[in-house]
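Let's take a look around inside a protein and see who sits next to whom. Keep the structure open while you read.

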Amino acid sequence: MSSSHGVTRTLLVDTCNTLLQPTRFKDYGPNGLQVEGKAQVKHLVSGVTASRALIEAAIEVKADAIFVHHGLFWRGQDGSVTGWMKQRLALLLAHDINLLAYHLPLDAHPELGNNAQLGQRLGLVAQGTFGDQDLGLWGERADGQAFASVDGLTHTLTQVLQRSPLVVSGVNRPIRRIAWCTGGAQGFFEAAIAAGADAFITGEISEPQTHLARETDVAFLACGHHATERYGAPAVAAHVAAQLGLTHQFIDIDNPA
């Protein structure tokens, strides 16, 4: 049951940090509280990316805090607060909204993370990890069966994600061992091949992976960065909200990428 006073911002951040353990990861930007807002939090909104559209939607529903996978600040930015950055920050500051962002820690959580949540929806059971910082998962279907071909896996992905993946496959054979890593993990493909995968699922594809898929007979399925990463943020935010007695809602801002 929600407390009439909510909880402190400090408790919310500490709870998220304890759950996601951001200090374990080398990441591309800061994890945790990126923008400080009001000291008391009652209503938490989750989303994939701290876009202006998400911030505006959160203002509309009177959110006190926003929890996202893709925050505002990344390595390589020049640090100037102009243009789109100024517009996003101005909205957050004017409405005193806290912004919490967790990138790799949110991918990696073994139950609530992006990779774990995608695997659950696809009916896969993880049996091991691979890739940089052990972020990728590999495993098999929970029913122990193989997909008769990549077409069966493609059909399942299309049904679950509500979009058709881009598929590169050089051979028609059963797909038993599946490796996956959400988002922009196309660079993990070689590690997935080394882990013995018959197919690799991620969000994006770059030019080299097409050739690798054809030459190694390992299927590559690019399912959309946003589409594969819609599940971790609401799973974590709902878990934390239930633990702390907050109200929570997930706002999905459509993104074809």
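## Rings that pair up

Rings of Phe, Tyr and Trp (its six-membered ring) count as a pair if their centres lie within 6.5 Å. This is a predicted model, and a search of the whole structure turns up 6 aromatic pairs.

Take F67 and Y102: they're stacked, 5.5 Å centre to centre with 25° between the planes. F67 belongs to strand β5, while Y102 is in the loop between β6 and α4, 35 residues apart. Both F67 and Y102 are buried.

F189 and F220 do things edge-to-face, with 85° between the planes and 4.9 Å centre to centre. F189 is in helix α7 and F220 in strand β12, so this pair ties together parts that are 31 residues apart in sequence. Ring pairs also link F189 and F220 into a cluster with F130, F188 and F200.

## The nonpolar core

The largest nonpolar core is made of 21 residues, and F67 and Y102 are among those with the most contacts inside it. Which element gives the largest share of this core? That's α10, with 7 residues. F67 touches A233, V236 and A237, among others.

## A hidden asparagine

N114 sits in helix α5. Is N114 buried or exposed? N114 counts as buried because its relative accessibility is 0%. Its side chain makes a polar contact with the side chain of H69 at 3.5 Å, and the N114 side chain also reaches the backbone nitrogen of G232 at 2.9 Å.

## Arginines over rings

R177 lies over the face of W138, 3.9 Å from the ring centre. R141 lies over the face of F147, at 4.5 Å from the ring centre.

Conventions: Residues are numbered from 1 along each chain as its sequence is written. This is a predicted model: local features need pLDDT of at least 70, side-chain atom pairs count only at pLDDT 80 or more; totals for chains, interfaces and linings use all residues. Side-chain values use heavy atoms; hydrogens and water are left out. Helices (H or I, at least four residues) and strands (E, at least two) are DSSP runs, numbered from the N terminus. Buried means under 20% relative accessible area, exposed over 50%, partly exposed in between (1.4 Å probe, protein chains only). A polar contact is a pair of N or O atoms within 3.5 Å; within protein, one must be able to donate a hydrogen and the other to accept it, and residues adjacent in sequence count only if both atoms are side-chain atoms. A nonpolar core is a set of buried Ala, Val, Leu, Ile, Met, Phe, Trp, Tyr and Cys residues joined through side-chain atoms within 4.5 Å. Contact means heavy atoms within 4.5 Å. Rings of Phe, Tyr and Trp (its six-membered ring) pair if their centres lie within 6.5 Å; planes under 30 degrees apart count as stacked, over 60 as edge-to-face and the rest as tilted. A charge sits over a ring if NZ of Lys or CZ of Arg is within 6 Å of the ring centre and within 35 degrees of the ring normal. Lists of a residue's contacts leave out its neighbours within four places in sequence.
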